[in-house]
Amino acid sequence: MSTLTGVGEPSSSNRKREVLDRAVIRFCGDSGDGMQITGNQFTNTVALYGNDLATFPDYPAEIRAPAGTLPGVSGFQLQFSSGQVFTAGDSVDALVAMNPAALKMNVADLRPNGILIVNSDSFTENDLRKAQCKSNPLEDHSLDAFRLFPVALEKLTRLALQELGLDAKTMDRCKNFFALGMCNWLYNRPMDSTFRWLDDKFKNKPLLSEANKLAMKAGYSYCEATEAFQISYEIPPAKLSPGTYRNLSGNQALAIGFVTAAQKAGLTLFQGSYPITPASDILHELSQYKNFGVMTFQAEDEIAAITSAIGASYAGALAITTTSGPGMALKTEALGLAVAVELPLVICDIQRGGPSTGLPTKTEQADLLQALFGRNSEAPIPVIAASTPGDCFWVAVEACRIALKYMVPVIILSDGYLANGAEPWRIPELSEIPDFPVTFVTDPVGYQPYKRDPVTLARPWALPGTPGLEHRLGGLEKQDGSGNINYEPLNHEKMTHLRAAKVQAVAQEIPDVVPVGDPEGDLLIVAWGSTYGPITAALNAQRAAGKKIGHVHLRYLNPLPNNLGEVIGRYHRVLVPEMNMGQLLWVLRAKYLVDAIGYNKIQGRPFKQSEIEAKIEEVLAQ
Amino acid sequence: MATATLPPLTKKDFQTDQEVRWCPGCGDYAILSAVQSVFPELGIPKEKFVVVSGIGCSSRFPYYINTYGFHTIHGRAPAVATGLKLLRPDLEVWIATGDGDALSIGGNHTIHMLRRNVGLKVLLFNNKIYGLTKGQYSPTSEFGKKTKSTPFGSADRPFNPISLAIGSEATFVARSVDVFQSHLRDTLKQAAAHKGAAFVEILQNCNIFNDGAWFDLTEKDARSEHVIQLEHGKPLIYGKNRDKGIRLKGFDLELVQLGNGVTESDLLVHDAHHPRAAYAFLLAHMEHRPGFPTPIGVLRSWDELPRYEDAANAQITAVIAKRGKGDLGELLRAGDTWVVK
């Protein structure tokens, strides 16, 4: 045990250690087995060590499907590397499976000769029956292609914890930390960050913290003591740009992005929200930040969530509402109100598989056309999309800036993959983010509710309580300038054009797109959102193989960057990979009359790098 | 100090230059007039008033009163107003709504705003019909109501708005009538004085699509015979000759004729401040019983609950007091970090 006190020291064993440039590990088990926690802890450990990384948590919509069954399997995949990482990895190098169901659902992704650690205590006849296994995979040679390590996780964990006087159920719940300890040994990682996390999480239950630490240490020493693993691995730190880093998920990034934007604007942040997967974590996160003056409101429904935000915006707050596709559908009428009354508002749609309830915990990007057009009549709204978990921070700040400057609602598109996925994020200096202070009109002389700024076309923001500026807002058509109700045909046409021109005016400050890779050539990939990772990885590989390819990843989806049409014209072919049936494709074909090719995956899972590469090769061969 | 030198506000200050577009003879005019009379008497600067509405005839109200106003979307006024109040507890926010807006499409927001006790004043114009869509039955229309959408009569049982409000634990519940001007003004003043959510149902005549819906209460003699006016601390007595009353019998109400040994001292004395809503609920249900009068006035006024916006803001103040004002740099650097050189 003495080797463990020097946590962080290299293993003292004489066994072989191999240096790799990257590794992909996946933890899978029952929803109740703590796989997300295990994965997050390992992620934190490798992040602190300085590896670049990307994660892919994949869990069922059911909180606890019947234990041991196929629908209850939850997984967490992580790729970490000494180089750049763009995806959680196509195939898995090391798989930890807590039961036969998890093994069955995940083993297909394990590469030949990959490491397979299974909890042999959960391969009883009953377990096998629940997983619909006809024979025991540990005995039927179906796993011969892998390096199989059956470990009695429950027995060994109980043995390690026998002194603590815990009941069997509590001891069994620590077995994921035994498995985690094994992985820490396998990849030569210290355990101290996980110990710190346990101490904090169980600060009122020190016995549980102790139990999990003991289980983890036992897992580590098990590898140290037994000859099971003949080899361990070392993945040196990555050469990231200089700076201070933290590990950040997309939803966390949005939350702190909004707090940042509120400070940069000098406004109170208001969030109206109704719980919905996978957006709820933004509400959980922001509700902790009351000391930043953040007002969170868990509304009675999606409609109250957005309309309360409109009320808060009317009161002078930086108002946001956060949801997923079904909630967006409910908010559409209120979005139209925000367009009509021209109040700033930010709406986050953390997309998931649909239609209807669809795949609540799985990712998709099929709400693009809903975001662009999903309202009655002509109701244009700027739409921007995040491309990585860390990018969610910058997108949150940018959406708020546009909303306040142009007095418009702005839609942010993220998705389940970005929301729950994490990556190392370089923490910006506050001075890197410009202030965007807001001016409220207070002078009654010449005040008109719909008088417009000549550059942005924004109307003045007058707060209730300001003497002399009493005015009426509403969803009825208004006369330009005065804001009085007006049904005249030409006024309506003028107002419709003004609302469109105001959104289009945002394009004046959108930077021109500069393709990554070849500035002209055989193929341009145009994409948006969370496909950034696999496309970038595929592009690098294909260009290294000599292909002439460029990549434009759109942040601004409405309005589109001014030079996009010109850039598209520089390539022979245009490929648009999307996790939908071809929504950006539809927009590009309509707007630029380009015969772009769609590549569509609608499986609730992100693209693999290999899939994109195969498609690139196919298109270039045509 | 400056406000002391300003001339006091008058009704005229609350009139707008906008053409009022309600039908001639609509009960809404009387309600508008009462509100414009009451607002200047409340001692609140004009710019502090905000009138929020949904959709429907009643919801055009903000355009006709010279305060801050927000004509929102159908049924959502309570949610918009809740967001406004959370940010600006200092504002005097009134909601103008109707039976369809507040009880049908916006029913969810109405009950949740009441249970939260947001400091809003709700004026529910109840004409038991959809006016702006030209005459369909509403959630307060009587069973069997024949309308354009129910030519053979509706099969719906109606809501009693004040029962619903009391059931939602509203802390102030009152009822008045468009044509009872002084009673209406007095009721509005009491609502204004309430700190928490105040719900006022105003029985209102739609002379185009449901003319006479309330004549049974408002026509000559009907008021004294069919209406009982509740006043805190006064016995429940009514009738042209003030010879009928309500007394408590067990857990129920009993209609009694005064005389033959029954005197005023036997009658139930109205306690609007009773902490339990069950009492007000009993009163609200009188009108559903044969022979009983319809109650108007303040059924419930129990102002002991904190307002939602105060509680929510107090939480922010308390967390800041405990943890100190948030430091953005620290927030960005929260958790485990590492440095790449």
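Two strands count as paired if DSSP finds at least two bridges between them. With that in hand, the sheet of chain A can be followed strand by strand. The model is a predicted one, and the predictor gives the complex an ipTM of 0.97 and a pTM of 0.94.

In strand E7 of chain A, Leu148(A) is the bridge partner of Leu116(A). This link belongs to a set of five bridges between strand E6 of chain A, residues 110–119, and E7(A). The two strands run parallel. In general, strands of a sheet pair through backbone hydrogen bonds, either parallel or antiparallel.

E6(A) and E7(A) are part of an open sheet of six strands in chain A, with the order E3-E4-E2-E5-E6-E7. The pairing in this sheet is mixed. Strand E3 (52–58) and strand E7 (147–151) of chain A are at the edges and have a single partner strand each, so one side of each has no neighbour in the sheet. From one strand to the next, the twist averages 15°.

Chain B comes next. Its mean pLDDT is 96, and 99% of its residues reach 70 or more. Where pLDDT is low, predicted coordinates should not be read in detail. Chain B is divided into domain 1, made of 8–234 + 274–280 + 290–313, and domain 2, made of 235–269. The C-alpha centres of these two domains of chain B lie 29 Å apart. Their contact takes ten residues from domain 1 of chain B and seven residues from domain 2 of chain B. On the domain 1 side, helix H9 (222–226) and strand E7 (227–230) of chain B are the elements that give two or more residues. By class, that side of domain 1 of chain B has four nonpolar, three polar and three charged residues.

The two chains also touch each other. Chain B gives 50 residues to this contact and chain A gives 57 residues. Several elements of chain B supply at least two residues each, including strand E2 (68–71), helix H5 (107–116) and helix H11 (308–323). Helix H3 (77–87) of chain B is another of them, and H3(B) supplies the largest share of chain B's side, eight residues. The residues on the side of chain B that touches chain A divide into 23 nonpolar, 17 polar and ten charged.

Strand pairing also links the chains. Strand E9 of chain A, residues 243–249, pairs with E12(B) in the antiparallel sense over four bridges. In E12(B), Val339(B) is the bridge partner of Thr244(A). Strand E12 (337–340) of chain B is also among the elements that supply at least two residues to the side touching chain A.

Note on methods. Residues are numbered from 1 along each chain as its sequence is written. Chains are lettered from A and ligands numbered from 1 in the order in which they are written. This is a predicted model: local features need pLDDT of at least 70, side-chain atom pairs count only at pLDDT 80 or more; totals for chains, interfaces and linings use all residues. Axes are lines fitted to C-alpha atoms, for helices over the stretch in contact, and angles run from 0 to 180 degrees between N-to-C directions. pLDDT is the predictor's confidence in each residue, from 0 to 100. Domain bounds come from an automatic or database domain assignment. Two residues are in contact if their C-beta atoms, placed from the backbone, lie within 7 Å. Ala, Val, Leu, Ile, Met, Phe, Trp, Tyr, Cys and Pro count as nonpolar, Asp, Glu, Lys and Arg as charged, and the others, Gly among them, as polar.
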